Every structure is written in structure tokens, then in C-alpha cells.
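Colleague: I am new to this structure. Could you take me through it, one question at a time?

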Amino acid sequence: MILSGATVVTSLDPVRIAARDVCVEAGRIAAEGGGERRDCSGCLVVPGLVCAHTHLYSALARGMPYALEPPQDFTQILQRVWWRLDRALDPDSIRASALVGGMEALLSGTTTLVDHHASPNAVDGSLDVIETALRSLGTRSILCYETSDRDGREVASAGLEENRRFAQRVRKEHPPLARAMIGAHASFTLSRETLQACADAARELEVGVHVHAAEDLVDERDAEVLHGTRVVARLAQAGALDSRALLAHGVHLDDHEIGLAASANAHVVHNARSNMNNSVGRARVAALGPFVALGTDGIGSDMFEESHAAYFRLREDDPGAGPDWPLARLAEGARFVGSAFGERRLGKLETGAPADLVVLDYAAPAPVSESSFPGHWVFGLGSRCVRDVMVAGEWVVRDRRLALLPRRFTGRRQIVHIAQGHARYGPGCGRDVARHRQVVAE
Ligand SMILES: [Zn+2]
């Protein structure tokens, strides 16, 4: 496969541009090649984008009926919206959510999803359901189950067991597009024993812990009152803080916690839109150091939109922040995924790297160069430009349509509509969706 005629952004951090054909062979960028030639004249080719923290289970929640008093704070948002929704999930709605979320990700140029899943009444096998759905679309993923004591000890044990089972399966079978982490909800819903068990499992299975950390002040207050320490110190004491760990949000981390995370080389995932939506506060992203990636926390998976919002949020306080900042954050997400897959070149379009890439149809009104590309990213480019997407050398989107529709879903007209980019959500939008909304409403 040869992609010809494009301007190729071979690296997002630092930005590197080459005007040459991209050759793909056996799933990787190759120095030379033959076979099918895809005309990409006038297009930009960029590395596939990574959403480093999401919740696919929320994909069907937009506009869902809501009958309770409106939540007034973060805890009430969890109690009245998300924990009600996740308790209503069953294998069918988990599958439908993963398909919808996975389709939208690919159509917006996001090739890897790092998901944090919860379905307390359908724990066993839930990660397999998501893995199968995403594999059928060709989406790369790192999956985990968010272990929590919020639904009792039994569900907490089941959650941990689901993580262990899936991580063992991944270790044994090495599926080409999926990796595992040990998921934990957040310090304030984890007992000492459960957190310790998560950390032990992660160490034993040689994967990282994926946990919400200091998203709201309530997480820090809980850790201080019940455990006499702050969230990141608590994670460190349990042995959950290492270079494979993923800390989502980190809004209320103090300097000592930032130091702990940095010295462990742990990654923090910044979710700017979610933080604003939940009124949890502003993450001190400039103080968090280089190991910061970007996630959506379940608000879709459009990393153009997310990186723009993160940039403008940063600029509100810091007019000196440059447009290369969101690109460096996206590159950091790819570095994290690359280390989980043992692919240090992932996120770069250089010889030997996995061929995860996006072809952008962008009529640049001003020259694109290494110095101007960040400005084009923030002020011009968007997911509307995504024409083709490739994951591990396979086309997953061609001409703005999904290339690999799961066969057994092709009969479902509404799912196909969503796949074709005509997402419509309403009462007549598919049996799974309607039934799921009904369950949540009740
Ligand atoms: Zn989250």
C-alpha cells in the first residue's frame, strides 16, 4: 500500500513534516513498498490519535431521560446519573455502547481508546464484550474494569476478578489490537483492602493501574479523613504508582503529589471538557510536567475537539502557552499506548512504526510547515477533515465511511446509520438503544 501525494506529519512532538509517499507493509510503515496506491494529493497524513481516558458505556447517554432533582455537585452527578446508568448496563447495551463509541472514535481520527468500564450488574465477561466490539471495527484499545466498593464487596471482588481474567487472557493470547490494565474507580470508593488487591494484581500481571485521582476535592478530603494521607500518596503506599499507571484528571493534586507522580513516571490524563462540565475545578496542567495525555472522560472521542478545548482552557490563564502544547499532549498519549503495546514508535510515522494514521482532507489557506502546523491544528483542523483512517495497516475508514462493519450488525439499520456518520439518537433509534434508555429512565 502506498499513500501518495500527501504532506506527512511524521511526528506531533516535535512536529516533523516530510513531503513523501507513505508505504505500508505488514501493518507497519515501510521504507519502500508496492501494491495499491491511494491518492492523498492535497491531504495531510498525521499519526492516529489517542483518547487516553474514556468511558464507552456513556456513548448512549446523551439526551437520556432524567426524572430526579438536578445534581448540585460532583458526588450527586455520580450518584444520580452515572452510577444509575452503569447499574442498568447489560451485555447488549455494553456491546451497543462500545460499537457506537468505537465507530465515532474512528470517524473522528481516534485510533486508540483507553477505556475505563463499569457495569456492576454485568461484570463477568464485560471486557470481552467491549474487546470483541472494538476488534470488529478495527479500533486499538487498552481496557479495564473500574473496581469499586460502591456497590458492595461482592461487586468489588467481581470487578477485580474481571480485570485479572481479562489481563491474563491478553497476556496469553496477545490480541493484536487490545491490551489490559487493572481498573480502579477512585480513592474515595476504594477500601484499603480493595485498593491493595488492585495494586497487587497489577504488579503480578505486569500492567498499570488506571484510576481516577483527585478529580474532585471530595476524593482528597476522603483520603485525608479516612486514610490520613492524600490520594497519590495513598496510591504510592499501595504500590499502585509506577510508570505504567494512568491517573485520570488530577485536578486537585498538590505539589507533593505532583512530585510523587512525576518521580514514578506515572501519566496524568487531562480531561478539560469533563472537568468544566462537572465543575470540579481547573487542573494545573502546566505544573503537571511532561507526562500529561488527553482524554474525554466519555464525552465522545473527538480528540480535535478535546485538544482545542484543553488549549483554550489553558490559554485563559496563560497567554504564553503555544499551540504546540496540545500536540505534545496527544503525542504523550501515543507514547503511553506504545509502551503498553511494546511499540515505542507508535504515534510516529517512521519506518517500523505501527501504521496507525489519519488522512485529513484539508484545504490549507496558508502554508503548512513544521512551525505553522500547530496553528493549523488549533485554528483550522477538525474531525470534519478526517477522510481515511488506518489502524495497524488496515483501512478502518475510507472516504468517511467505516470499512469494517461488524457483519452481524449490518442488518441493523440504525447502527449502520451511525456507522455511516449519520448519527441520530431518538426513541426510534434501535432496539438496544431504546431499551437501554428505558431501563435508565426507570
Ligand atoms: Zn473518567
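Colleague: How far is the sulfur of C43 from the closest cysteine sulfur?

Modeller: This is a predicted model, where local features need pLDDT of at least 70, side-chain atom pairs count only at pLDDT 80 or more, and totals for chains, interfaces and linings use all residues. Residues are numbered from 1 along each chain as its sequence is written, and side-chain values use heavy atoms, with hydrogens and water left out. A disulfide is a pair of cysteine sulfur atoms within 2.5 Å. The closest sulfur to that of C43 belongs to C40, too far for a bond, at 5.6 Å.

Colleague: How many disulfides does the structure hold?

Modeller: A disulfide is a covalent bond between the sulfur atoms of two cysteines. The sulfur of C40 has its closest cysteine sulfur in C43, too far for a bond. The count for the structure is zero.

Colleague: Is C43 buried or exposed?

Modeller: Buried means under 20% relative accessible area, exposed over 50%, and partly exposed in between (1.4 Å probe, protein chains only). C40 has 0% and is buried. C43 has 3% relative accessibility, so C43 counts as buried.

Colleague: Which residues coordinate the zinc ion?

Modeller: Donors are N, O and S atoms within 2.8 Å of the metal (3.2 Å for Na, K and Ca); water is not among the atoms, so sites may look incomplete. Along the chain, the donors follow the spacing H-x1-H-x156-H-x84-D. H53 is buried at 0% relative accessibility, and H55 is buried at 5%. At 1.9 to 2.1 Å, the zinc ion is coordinated by H53 (NE2), H55 (NE2), H212 (NE2) and D297 (OD).

Colleague: What is the arrangement of the four donor atoms around the zinc ion?

Modeller: Four donors count as tetrahedral if all angles lie between 85 and 135 degrees; four count as square planar and six as octahedral if opposite donors are over 155 degrees apart and all others between 65 and 115; anything else is irregular. Here the angles run from 93 to 152 degrees, so the arrangement is irregular.

Colleague: Which helix gives the most to the lining of the largest pocket?

Modeller: On a 1 Å grid over the protein atoms alone, a pocket is an open set of points where a 1.4 Å probe fits, with protein on both sides within 12 Å along at least five of seven lines; lining residues have an atom within 4 Å of a point. The largest pocket is lined by 34 residues, and S58, W82, D297, G298 and I299 lie nearest its centre. Helices (H or I, at least four residues) and strands (E, at least two) are DSSP runs, numbered from the N terminus. With seven residues, the most to this lining comes from helix 1.

Colleague: What is the volume of the largest pocket?

Modeller: Grid points are joined across faces, edges and corners, and a volume is the space filled by probe spheres set on the points. For the largest pocket, that gives about 670 Å³.

Colleague: What is phi of H249?

Modeller: H249 is found in strand 14 (residues 246–249). H249 is buried, with a relative accessible area of 0%. Its phi is positive in a residue other than glycine, near 85 degrees.

Colleague: Where is A26 found?

Modeller: A26 is exposed, with a relative accessible area of 79%. Although not a glycine, A26 has a positive phi of about 50 degrees. A26 is found in the loop between strand 4 (22–25) and strand 5 (28–30).
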